[in-house]
Amino acid sequence: MSEGIGARVLRKEDKRFITGKGRYTDDIVEDNQAYAAFVRSPHAHARIVSIDTTAAMKMEGVETVLNGAQLTGDGIGNIICGWAVASKDGSPMNMGAWSALATEKVRYVGDAVAIVVADTKSLAKLAAEAVVVTYEELPVVVGSLQALAGGAPQLHENAPGNLIFDWEIGDLAPTDAALAAAAHVTEMDITNNRLAPNPMEPRSAIATFNDAEDHYTLYTTSQNPHVARLVLSAFYNVAPEHKLRVIAPDVGGGFGSKIYIYPEEIACLWAAMKSGRSVKWTSDRTEAFLTDAHGRDHVSTAKIGFDGDGMIVGLKVNTKANLGAYMSLFSSAVPTYLYGTLLSGQYNIANIYCDVQAVYTNTVPVDAYRGAGRPEACYVIERIMETAAREMGVDPAELRAKNFVTSFPHQTPVIMAYDSGDFATNQKQAQKAADVAGFRARKAEALGRGKLRGLGYSNYIEACGIAPSAAVGSLGAGVGLWESAEVRVNPVGTIEILTGSHSHGQGHETTFAQIVAERFDLPTENIKIVHGDTDKVQFGMGTYGSRSGAVGMSAIVKAMDKVEAKVKKIAAHVLEAGEDDIVIEGGAVKVAGTDKQMLWHEVGLAAYTAHNIPDGMEPGLKETAFYDPTNFTFPAGCYICEVEVDPDTGVTEVVQFVASDDFGTIINPMIVEGQVHGGIAQGIGQAMLENVVYDDAGQQLSASYMDYTMPRADDLPNYSVHHASTTCPGNPLGMKGCGEAGAIGSPPAVINAITDAIGNNNLSMPATPAAVWTALQAASIKLAAE
Amino acid sequence: MKIAMTVNGKSVSREVSDNTLLVEYIRDHLRLTGTHVGCDTSQCGACVVHVDGQATKSCTMLAASAEGLAVTTVEGLAKSKDDLHPMQVAFKENHGLQCGFCTPGMIMTATDMVTRYHTQGKELTEDAIRVHLEGNICRCTGYHNIVKSIADGASKMTTV
């Protein structure tokens with residue numbers, strides 16, 4: 001089947017995007033639509049003394065101005081974090097109150113104070129500027145180490161010392177003992193820089209309240225519209241679920257930042273009810289920098305010990321995780337269960353201990369961004385492995401290889417049970433593709449041109465397919481992480497697949513159709529994927545954590561199993577054959593070994609006419625399924641980066657980037673390669689270009705594309721992408737997931753390459769020309785002194 | 001004020017306020033929503049259209065400044081409704097898009113780039129494509145397949 005599993009099928013969704021017919025939230029106009037603008041705090045930390053809306057309310061065309069006291073007065077609930085993480089001593093996390101519109105205090109620059117609704121977008125913005133808020137400024141703290149220090153400004157009364165939780169994983173005493181007895185110990189301070197996700201489509205929402213029906217509709221830029229409806233309904237008390245429809249139409253990228261339910265959607269829904277107008281809000285880019293959840297921001301110390309044979313004996317990590325001013329929806333899970341659990345990397349490590357202090361600061365809330373915790377874990381383990389190899393004078397690839405996990409299943413000391421993998425084959429394949437053997441000659445040639453050439457590895461592993469509901473429930477998750485699907489075979493034989501996964505660039509309309517085409521031997525043209533609307537799809541947990549293949553497609557497979565069984569029953573009945581003899585192929589349902597057959601659409605028609613189906617069978621051909629995974633999946637791979645540094649300027653060029661990944665079964669290699677390309681670009685961006693910077697007053701200095709360095713075409717190389725797959729035993733298609741790998745695996749490869757080139761392991765991200773030049777000078781001075 | 005221009009080959013005239021940006025005119029007044037807004041600082045290129053044949057960031061031009069000029073948006077790029085421009089075909093065939101939000105701007109920049117190079121008789125190398133994409137940001141593709149698409153689109157445009 002040319003369009004089935006493994007085929008490079010061109011994307012069904014492309015035509016509307018290349019012709020300008022995509023339908024994103026901001027493209028939609030509702031009847032009687034007004035526009036919202038938010039009055040936002042210019043201070044990072046302040047008490048609200050008064051809000052004077054008189055002048056704004058007097059402006060012609062201003063519908064209403066509403067504040068936090070009115071919002072809480074109407075019973076709209078506080079924004080919550082949905083994953084409970086307990087401290088070492090068993091105490092619950094200290095979650096401070098977060099109102100969609102601030103009431104007494106503002107805690108970061110951009111914190112929303114009031115919503116203005118007016119006839120036009122520009123008028124709403126002008127009116128927002130006319131709202132006079134009097135603040136009493138408070139002292140500010142932006143860094144996690146500073147926020148934990150004695151005497152630091154306090155953000156939330158119920159979080160003394162700004163500590164949200166002090167969490168641990170693994171065993172401390174045996175890890176300390178192993179490190180004490182180690183033949184070699186490497187210690188490093190490792191910082192993972194704060195990033196802004198920056199999907200190209202800014203967040204947007206249009207809320208409509210129909211008072212005759214007592215019903216709300218929300219168009220929103222969401223990766224998980226059903227989760228949005230659940231949270232808006234159950235926690236924020238906007239409306240019960242049957243009176244709230246959430247639609248996420250075409251969504252222009254997410255990368256995690258569109259998982260969460262933000263103050264703006266809540267305020268727009270509430271303002272629509274208060275004003276009787278449809279209320280539309282679209283973020284501008286600076287507003288996005290100031291309000292979209294940021295990613296990363298870890299400050300860690302790590303210590304790894306080896307015995308005399310180079311085998312790892314223990315790993316100990318301490319991390320301070322900056323969660324910003326409030327706890328966003330999944331913020332607590334990122335630096336804990338998505339981080340500490342992956343610190344074993346691809347290696348056999350008997351003893352691991354990690355503790356994490358999560359901290360409030362006067363900055364934008366931090367939550368999952370592509371990879372979410374796993375890039376931070378990978379960066380710690382892969383930086384320290386490379387550095388340890390250099391310190392011990394051994395080949396970094398060989399040091400990794402001799403410590404690889406080679407038998408599966410493998411239980412790590414940090415919860416995860418790896419189910420499959422072949423780390424050595426991926427490493428060898430990457431080395432071959434990168435021509436590691438020829439590196440010495442390339443380095444010499446580069447030196448002849450005055451350039452310093454370096455090579456760096458990263459052997460990543462991640463946990464995807466998030467996740468078995470009972471398992472995440474026992475770890476504190478407030479939701480189950482299954483997925484649902486519905487397979488509708490229409491009377492004419494065409495198929496609609498309703499899925500709770502959400503596509504915002506991943507190409508589900510193509511790949512989901514491919515697994516149906518494969519199963520029923522039909523053209524993808526006859527298969528339509530429906531997603532993103534709570535009125536159409538009954539429920540779903542959405543797309544993040546590289547889960548749409550391993551979990552979302554598995555739900556479709558389960559529903560197809562049921563459809564197939566019914567199709568075979570009907571055909572066996574009509575064709576007077578045994579069910580076991582029925583096969584589906586070539587657009588027909590046949591009795592094997594005979595010329596008796598029904599065309600596929602004839603079975604569909606038979607199911608709906610119900611004139612001749614087995615006794616007791618219900619008419620129709622539509623099945624639903626919920627799939628709950630049995631384990632996480634474990635994509636893994638080897639990335640090799642080669643760079644050239646200009647020693648005079650520190651300007652660094654990535655001259656080669658090779659990836660060899662194990663994603664399990666691949667449905668569409670073209671799309672998978674695209675996911676890897678994009679992930680690597682974001683990883684190179686983190687390693688060399690991107691950084692959210694605050695000054696001491698909590699003002700974000702990097703809040704526009706003039707200031708925050710987004711990777712552009714001439715910053716990046718072409719990527720050499722390869723696969724060496726092992727089948728995932730945990731789901732019916734054998735899939736592991738590919739969406740986050742590039743962003744997880746690439747940063748350490750880049751930094752390991754640059755540090756190799758300059759001969760100094762002490763280099764932080766982003767490795768800007770100034771940072772590289774400075775580190776190079778330090779290395780030269782050290783060399784001279786020796 | 002009343003302004004008149006040609007948009008995608010048709011004469012259009014609308015009453016607008018003086019400060020209406022060309023992108024607002026295209027999206028809000030003409031409801032051609034293929035042209036996007038991705039930033040506030042003329043950096044991202046999601047809003048690129050052709051004004052008298054030249055790639056232009058429509059967030060950086062007043063609608064009034066386009067008085068009497070010919071504007072082409074992504075909706076008007078193909079010869080007819082049932083047709084695709086060779087560059088559009090190239091983006092599809094080379095998987096040059098994922099979420100699709102930057103895509104119209106990329107395609108409009110790409111066709112302008114290719115036309116300029118063809119007119120000047122110069123070869124559009126990969127390095128040149130990357131340099132000329134400096135005004136267009138994509139967050140999904142890592143540019144690899146966009147660069148491939150433009151190179152392929154360039155050859156398709158030559159042979160058409």
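Analyst: The account below treats the contact between the chains and then the contact between domains.

The model is predicted: local features need pLDDT of at least 70 and side-chain atom pairs count only at pLDDT 80 or more, while totals for chains, interfaces and linings use all residues. Residues are numbered from 1 along each chain as its sequence is written, and chains are lettered from A and ligands numbered from 1 in the order in which they are written.

Between the chains, 41 residues of chain A are in contact with 41 residues of chain B; contact requires C-beta atoms, placed from the backbone, to lie within 7 Å. On the side of chain A that touches chain B, at least two residues each come from helix H1 (14-18), helix H9 (285-291) and helix H18 (669-688) of chain A. Helices (H or I, at least four residues) and strands (E, at least two) are DSSP runs, numbered from the N terminus. H18(A) provides the largest share of this side, seven residues. By class, this side of chain A holds 18 nonpolar, 14 polar and nine charged residues. Here Ala, Val, Leu, Ile, Met, Phe, Trp, Tyr, Cys and Pro count as nonpolar, Asp, Glu, Lys and Arg as charged, and the others, Gly among them, as polar.

Within chain B, there are domain 1 (2-76) and domain 2 (86-159), with bounds from an automatic or database domain assignment. Their C-alpha centres lie 21 Å apart. In chain B, 15 residues of domain 1 are in contact with eleven residues of domain 2. On the side of domain 1 of chain B that touches domain 2 of chain B, strand E3 (48-51) and strand E4 (54-57) of chain B give two or more residues, and E3(B) gives the most, with three residues. That side of domain 1 of chain B has seven nonpolar, eight polar and no charged residues.

How values were computed
Two residues are in contact if their C-beta atoms, placed from the backbone, lie within 7 Å.
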